[in-house]
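Here are a few notes to go with the model you asked about. Have the viewer open and follow along point by point.

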Amino acid sequence: MPSTLLFDFFGTLVNYQADRLSLKYARSFDLLQSRGYAGSYDEFNTTWDQCFEARILSSNDGLREFTMEEVTRDLFSQLCPAAMGDLHDFIEIYLAEWSEGVRYIAGLPEFLTGLASKHKIGLISNTHHATLVEGHLERMGVRELFEVVVTSDRYGYRKPHPDIFHRALLELRVSPSDAMYIGDIFNDDYTGARGAGMRCLLIDPEKRAACAPEDRIYSIFDVKRKLEEGTEPVESPELAVF
């Protein structure tokens, strides 16, 4: 049994809306308008998405992470240079609106508390703004359970780069063979963790990923069953949220 459990965040410990364009950013748009932006909301939203996609494409070469500050400057340069002085206010407003698509999983705080009584637990997350992850952990009431929180924007590299996994292991002072990673994306989480020498459990209820069958789980709550010798995961119903 591993001494240490490391978790992904988005899609693993919380559910979220991955499609940025499907969310509403009325207050973010209002801020730009107050600084003289005369374009439409659709133009703003489409340009914002294009700025993100361009940064993501660039970061794929070397897996260097970009920050919210960088992508917001890209947006302002194209649409509203006069808003540069409001960059940090815009980021906070935008992330609050984006977070309306985040859903907490019922029963998760109690589940993590149980795991933390027997294991060290930590978190490794790709994100463009570390305080976004930290803030959600605080609101969920679980931040104190995590001995380390390693985010790609602060570390500089994003998953599946092995160094971000090694950074968390170094901070926890554990070897890869004594740790297990839990995530939901085959390339970022499963391939990344295994490339860093760890076993990974992949949340893959629809059995789409080419992971080893013994590494597939159907929900975050199957982690406990996988840790119990000889117990196979059981398909779980759709998780309730609150």
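**Notes on β4 and its neighbours**

1. Start with β1 (residues 4–7): four bridges tie this strand to β4, and the two run parallel. Strands here are DSSP runs of E with at least two residues, helices are runs of H or I with at least four, and both are numbered from the N terminus. Two strands pair if DSSP finds at least two bridges between them. For one place to look, Phe-7 stands opposite Leu-123 in β4.

2. A quick word on the model: it is predicted, so local features need pLDDT of at least 70 and side-chain atom pairs pLDDT 80 or more, while totals for chains, interfaces and linings use all residues. Residues count from 1 along each chain as its sequence is written, and side-chain values use heavy atoms, without hydrogens or water.

3. Now β5 (residues 148–151), which also runs parallel to β4, with four bridges joining them. Here Ile-124 has Val-150 in β5 as its bridge partner.

4. How many residues of β4 (residues 120–125) are buried? Five of the six, where buried means under 20% relative accessible area, with a 1.4 Å probe and protein chains only.

5. Have a look at His-119 too, in the loop between α5 (108–116) and β4. His-119 counts as buried because its relative accessibility is 8%. Its side chain reaches the backbone oxygen of Pro-2 at 2.9 Å. Beyond its neighbours within four places in sequence, the contacts of His-119 (heavy atoms within 4.5 Å) include Met-1, Leu-5 and Leu-227.

Definitions and conventions: Buried < 20%, exposed > 50% of the residue type's maximum accessible area, 1.4 Å probe, protein only. Polar contact = N/O pair within 3.5 Å; in protein donor to acceptor, adjacent residues only side chain to side chain.
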